[in-house]
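Trainee: I have not seen this structure before. Can we go through it together?
Mentor: Gladly. Ask as we go.

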Amino acid sequence: MSESTERRHRVVIVGAGFGGLFATKALRRADVDITLINGTAYHLFQPLLYQVATGILSEGEIAPPIREILKRQRNVDVRLGWVTDVDVDAKVLSVEAPGIEYEVGYDTLIVSAGASQSYFGKDEFADHAPGMKSIDDALELRARIFGAFELADLQTDPAEIERWMTFVVVGAGPTGVEMAGQIAELAHRTLPGQYRHIDPRKARIILVDAVDAVLKTFGDRLSTRALRQLHLLGVEVELETMVVGVDATGIEVDTKRGHQRIESMTKMWAAGVAAPALSRRLAEVTGAPTDRAGRIKVEPDCTVPGHPEIFAIGDMMALDDLPGVAQVAIQSGRHAAGQIKRRLAGKQTGQKFSYFDKGSMATISRFSAVASIGKLHLSGFLGWLIWLAVHLLYLVGFKNRVTAVLHWAVSFLGRGRSERVATFQQAYARAAVRAYGDPFERRKEEATAGSKHG
Ligand SMILES: Cc1cc2nc3c(=O)[nH]c(=O)nc-3n(C[C@H](O)[C@H](O)[C@H](O)COP(=O)(O)OP(=O)(O)OC[C@H]3O[C@@H](n4cnc5c(N)ncnc54)[C@H](O)[C@@H]3O)c2cc1C
């Protein structure tokens with residue numbers, strides 16, 4: 001029997017973020033068998049992580065289960081696991097999930113593994129300044145932010161109170177600006193009147209960046225407006241300031257005025273991205289060139305050089321200086337799917353991926369956002385309305401949209417935060433995992449040691 005009568009073309013998609021999910025959906029009616037492999041069981045809407053960290057939204061609202069999203073798409077098999085290796089000759093992926101390893105074969109591979117946080121070679125900063133890439137990060141930050149006010153309320157030494165009530169956000173791009181704005185709103189609108197020993201309005205929120213402008217990629221006009229809005233919210237903005245040290249109780253910076261230490265128990269990192277581990281591995285095994293961040297320099301059609309059967313898309317591809325944003329991932333995912341459909345139909349392939357820039361936006365506080373859409377530069381309430389509409393449009397699932405709107409009403413029309421629960425484990429798990437090691441590896445070791453002694 002020939003191969004084609006035995007089975008359908010196998011498309012394996014790694015990553016169920018924006019790129020992977022939209023590629024999968026675009027192959028809905030294609031005559032292929034899709035295996036979608038993702039490191040978590042949910043699709044993460046990263047642009048709203050900061051709202052989970054600051055108690056506005058629940059984690060479920062921005063992270064719906066992948067198999068629920070795709071339950072009606074019969075040609076897809078969703079599998080949990082981290083792809084650790086690619087055998088490009090045998091066309092087989094090695095995958096690991098807790099306590100189990102398996103392999104998956106492919107005919108065409110789409111890799112959309114996103115980006116990871118970069119601490120510019122100082123990974124030890126992560127212990128004291130969590131990044132903002134995952135649900136774990138957001139919940140840890142939520143625990144640290146709300147915990148800081150609780151612990152400040154218990155202190156008697158004014159220096160200790162100030163240290164607990166000083167929040168430093170590193171990175172003045174959209175995520176850093178949104179985080180700083182929301183902590184300021186928390187301190188000035190939500191928490192006042194709830195503590196008997198501290199005044200939350202005295203909290204210092206410091207936004208630090210090595211560059212000379214906030215939201216630099218949005219252009220001078222919107223950047224200046226965003227800066228003004230941050231000042232109105234009481235955020236201290238320290239530009240041309242380089243972070244050179246982070247420890248448990250503070251942060252060390254080099255500024256034009258010289259070296260300085262800021263005493264702060266709560267720091268967060270919203271600066272710098274690097275390619276994920278899988279991008280580097282794929283580059284190694286295919287010999288593909290990478291840029292400085294480790295992203296794969298793909299061909300114009302998003303394929304890996306020398307491997308027309310492998311597409312690298314989204315944040316992990318380097319092509320025409322395209323930014324690491326959701327629309328690039330979505331459109332490159334659809335492009336890869338389109339190429340596969342053309343190939344299967346016997347049509348000519350290799351068409352260049354052309355990106356349609358739909359603009360970018362960032363919120364600063366309730367009712368205030370900046371939006372850059374083509375030649376249109378909007379700020380204030382109008383910018384915020386557009387932000388609201390776009391986020392509702394792309395938030396996955398009707399149920400999530402409804403509950404998100406309710407939570408936004410609670411926070412933006414009222415003064416509340418619906419999601420203030422933070423557990424001890426959320427605050428300390430990072431340190432515990434680092435000290436204890438991978439729990440599954442550890443259990444295996446303990447079981448082996450037990451059987452040797454038994
Ligand atoms: C805090 C934050 C705020 C942002 N705000 C905006 C915004 O306002 N507007 C905007 O346009 N963009 C924003 N972005 C960027 C946007 O989220 C990304 O550009 C987009 O998610 C990229 O899609 P992707 O598919 O390339 O990767 P991702 O969406 O990151 O998805 C990658 C997926 O791959 C999985 N994965 C990774 N490695 C492996 C592996 N080895 N094996 C299996 N699975 C793996 C991950 O679990 C993840 O699900 C933001 C990003 C962050 C972090």
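Trainee: What makes up the shell around the ligand, in nonpolar, polar and charged residues?
Mentor: First, a caution: this is a predicted model. The shell residues divide into 17 nonpolar, 14 polar and two charged. Gly counts as polar in this scheme.

Trainee: How many residues surround the ligand, and which are the closest?
Mentor: There are 33. The closest are Gly15, Gly17, Gly19, Gly114 and Gly314.

Trainee: Which domains is the protein divided into?
Mentor: Domain 1 covers 3-39 + 81-115 + 275-344, domain 2 covers 123-270, and domain 3 covers 424-453. The centres of domain 1 and domain 2, taken over C-alpha atoms, are 36 Å apart. The ligand shell draws at least three residues from each of domain 1 and domain 2.

Trainee: Why is Val12 called buried?
Mentor: The cut-off is 20 or more other C-beta atoms within 10 Å. Val12 has 26 such neighbours, so Val12 counts as buried.

Trainee: Where does Val12 lie, and what does Val12 touch?
Mentor: Val12 sits in strand β1 (residues 9-14). Leaving aside residues up to four places away in sequence, Val12 touches Thr35, Ile37, Leu93, Val104, Tyr106 and Leu109. Contact needs C-beta atoms within 7 Å. For Val12 and Val243, 231 residues apart along the chain, the C-alpha separation is 41 Å.

Trainee: Which sheet has β1 in its order?
Mentor: An open sheet of six strands, ordered β3-β2-β1-β7-β19-β18, with mixed pairing.

Trainee: Why are β3 and β18 said to stand at the edges?
Mentor: β3 (76-80) and β18 (303-304) each have a single partner strand, so one side of each lacks a neighbour in the sheet. Helix α10 (residues 277-286) packs on this sheet, touching β1, β7, β18 and β19 (307-312). The direction of α10 makes about 165° with that of β19.

Trainee: How do you know that β1 and β7 pair?
Mentor: Pairing needs at least two bridges. β1 and strand β7 (residues 108-111) have four, in the parallel sense. In that pairing, Val11 stands opposite Thr108 in β7.

Trainee: What is the order of the open sheet of three strands?
Mentor: β4-β5-β6, with antiparallel pairing. β4 and β6 (100-105) each have a single partner strand, so they stand at the edges. From one strand to the next, the twist averages 25°. Strand β5 (residues 92-97) and β6 pair over six bridges. Ala97 stands opposite Ile100 in β6.

Trainee: What makes β13 and β14 a hairpin?
Mentor: Two residues join β13 to β14 in the hairpin. Strand β13 (residues 250-255) pairs with β14 in the antiparallel sense over six bridges. The bridge partner of Asp254 is His259 in β14.

Trainee: Why is strand β14 called hardly covered?
Mentor: Apply the cut-off for buried again: 20 or more other C-beta atoms within 10 Å. Strand β14 (residues 258-263) has six residues, and the count of buried ones is zero. Hence the label "hardly covered" for β14.

Key
Residues are numbered from 1 along each chain as its sequence is written. This is a predicted model: local features need pLDDT of at least 70, side-chain atom pairs count only at pLDDT 80 or more; totals for chains, interfaces and linings use all residues. Domain bounds come from an automatic or database domain assignment. A residue is near a molecule or strand if its C-beta atom, placed from the backbone, lies within 6 Å of it. A residue is buried if 20 or more other C-beta atoms lie within 10 Å of its own, exposed if 12 or fewer, and partly exposed in between; C-beta atoms are placed from the backbone. Two residues are in contact if their C-beta atoms, placed from the backbone, lie within 7 Å. Axes are lines fitted to C-alpha atoms, for helices over the stretch in contact, and angles run from 0 to 180 degrees between N-to-C directions.
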